[in-house]
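Please open the model in a viewer and keep the sequence at hand. The tour below moves from one selection to the next.

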Amino acid sequence: MSPADAADAERVRAAAATAAGCRRGDAVLVRVDRRSLDARGRQVRVRLRVEVTDEGDLPDAELPGLARAAERDVRRRPAVVIVGAGPAGLFAALACIANGVRPVVLERGKDVRARRKDLAAITQRHVVDPDSNYCFGEGGAGTYSDGKLYTRSSKRGDVAAILRTFVAYGADPDILVDAHPHIGTNKLPGVITKMREAIVDAGGEVRFGARVADLELADGVARGVRLSTGEEVRGERVILATGHSARDVFEMLERQGIAIESKGFAVGVRVEHPQSIIDMVRYRTSVRDPHLPPASYSAVHQVDGRGVYAFCMCPGGIIAPCATRQDEVVTNGWSPSKRNNPFANSGIVVEVPPHDAPMDGVRFQLALEHAAWEAGGRRQSAPAQRLVDFTLGRASSSLPACSYPPGVVSHRVDQLLPPPIATRLRAALTAFGRSMRGYLTNDALVVAVESRTSSPVRVPRDAETLEHPDVSGLYPCGEGAGYAGGIVSAAMDGVRSAERACAVIASLASPAA
Ligand SMILES: Cc1cc2nc3c(=O)[nH]c(=O)nc-3n(C[C@H](O)[C@H](O)[C@H](O)COP(=O)(O)OP(=O)(O)OC[C@H]3O[C@@H](n4cnc5c(N)ncnc54)[C@H](O)[C@@H]3O)c2cc1C
């Protein structure tokens, strides 16, 4: 249908009734169950998949995912320690409750509300709290993200159950229908808060300001953790869901002789256009149909044997300052539910193969982030260059407006990045300009540095039990351990890890079973 027709419930009903062969005047109920945009032809079309009935009610949509299962009382049940309250940790906690186990979630950062002040300090005073920032705190890196819930890892778990759980805790039910669902930064904190309240109501614990500094091991078995304050927290099993920015956790594992491995990742820049340019590129019109969302794009190009691709594209978004230390500059992107900011940003990143030693990958990331901090004036301001200037290797004498809240500083980003990265970016951006007419423009900005696309480290685990091969009872999971790349896949991995841990606890309680 045209975007205008697809936005009109009566026209959708009539079209669905006709398509289903119903007669005019039949009492027909219609429910949209899938909605996607097709912008390939001259006219943008909205594709709808609908359920139609002329026999009374449509069956209730399946709700509410893990939320109902997690309504049990687990106060007197055995405990599992979950380190990290990101999507992996929170969904692991819900899955523990659903399986009759008490989750004790330990989070180094603050709750979503207190965290807001620390985010403001990054923008206004260029001060980064190493325990409370865009990556650390309640809800993890997902809380102040775009909340895009599209995932390709549908084989790794029940995507629909994750989405239904989000809806049960307050996300817009449209996410169950949209082909590219998205919650929005303004809505996510409320959803996360309700999730935590449900965990606590069921008898679980969620502790903030609780940074785990050591794993407590006895004879190669994880028995709990020790916090940075020295306090011990015990549990039957430990789920490690600390995200890709917790470098101190990788150091902790190395120090304790627990194996970690190198993993490939990707680094590059964030490119920001005026949204109107991306709308023009995708919809081929300078005035977007009000029924269409701000346009997004995906792009990929191979250069010298390595992929260069668009990552975490945020239409109508803001470039986020995602450093976790004072002396680094890190970009990422978010957007509000309405995606109504005048800019479109996307990471454009180059694949980096695994380093020889796992911590070498971390050091490589850190060196780039530190160089961006130096180039930005040793504050959270980010070095930036106009897009065409970047591809031609020349300085930008002025910069256009940019959404990055701490501000940008003109710098030769093409010289800041290591040559194998800069040259590939230059070639790929030029190719993107050929496939998306209007994309390669000096009205767009290249902002450095996009370095936290995924973890440079994998924490190994057994494919079946999901336990670390060196430490029984330790479940490395989520993005930091290298098993997820985004909110939904991290949530699914948290659920899987919790289910394995709970099954072992259940078998210990009743060995005959
Ligand atoms: C700005 C931004 C935008 C993003 N946009 C999207 C998007 O639109 N869609 C999408 O799918 N993904 C997005 N992502 C990525 C997504 O947020 C992550 O993939 C996801 O949050 C990973 O989940 P996780 O639970 O594995 O780890 P995390 O979310 O990183 O959570 C780990 C948690 O562990 C805590 N922790 C770390 N170390 C310790 C310790 N020693 N003790 C106690 N706690 C600890 C951290 O504070 C953190 O809260 C975005 C990320 C950012 C930063």
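The model on the screen is a predicted one.

**The ligand and its shell**

Select the ligand first, together with the residues around it. Which residues come nearest to the ligand? Of the 36 around it, these are Glu107, Ala141, Lys148, Glu479 and Ile487.

Next, colour three elements of the fold: helix H4 (87-98), strand S15 (331-334) and helix H14 (487-509). Each of them supplies at least two residues of the shell.

**Polar atoms at the ligand**

Show the side chain of Glu107 and look for its N or O atom that lies 2.5 Å from an oxygen atom of the ligand. At Pro87 the backbone is to be displayed instead, for one of its N or O atoms is 3.2 Å from a ligand oxygen. Then go to Val212, where a polar backbone atom lies 2.9 Å from a nitrogen atom of the ligand.

**The cysteines**

Across the whole structure, a search finds zero disulfides. Cys502 counts as buried, at 3% relative accessibility. Cys22 also counts as buried, at 19%, because the limit for that class is under 20%.

**Backbone geometry**

Most residues other than glycine have a negative phi, and most peptide bonds are trans. The remaining stops concern exceptions.

Go to Ala448 and Val449, which are joined by a cis peptide bond with omega of about 10 degrees. Val449 belongs to strand S19 (residues 445-450).

Now select Cys312, in strand S13 (residues 306-314). Its phi is positive, about 55 degrees, although Cys312 is not a glycine. Cys312 is partly exposed, with a relative accessible area of 23%.

End at Arg339, in the loop between S15 and strand S16 (343-352). Here phi is again positive, near 50 degrees, in a residue other than glycine. Is Arg339 buried or exposed? At 15% relative accessibility, Arg339 counts as buried.

Definitions and conventions: Residues numbered from 1 in each chain as written. Predicted model: local features only at pLDDT ≥ 70, side-chain atom pairs only at ≥ 80, totals over all residues. Heavy atoms only, no water. Disulfide = S-S within 2.5 Å. Buried < 20%, exposed > 50% of the residue type's maximum accessible area, 1.4 Å probe, protein only. Near = heavy atom within 4 Å. Polar contact = N/O pair within 3.5 Å; in protein donor to acceptor, adjacent residues only side chain to side chain. Helix = DSSP H or I, 4+ residues; strand = E, 2+ residues; numbered from the N terminus.
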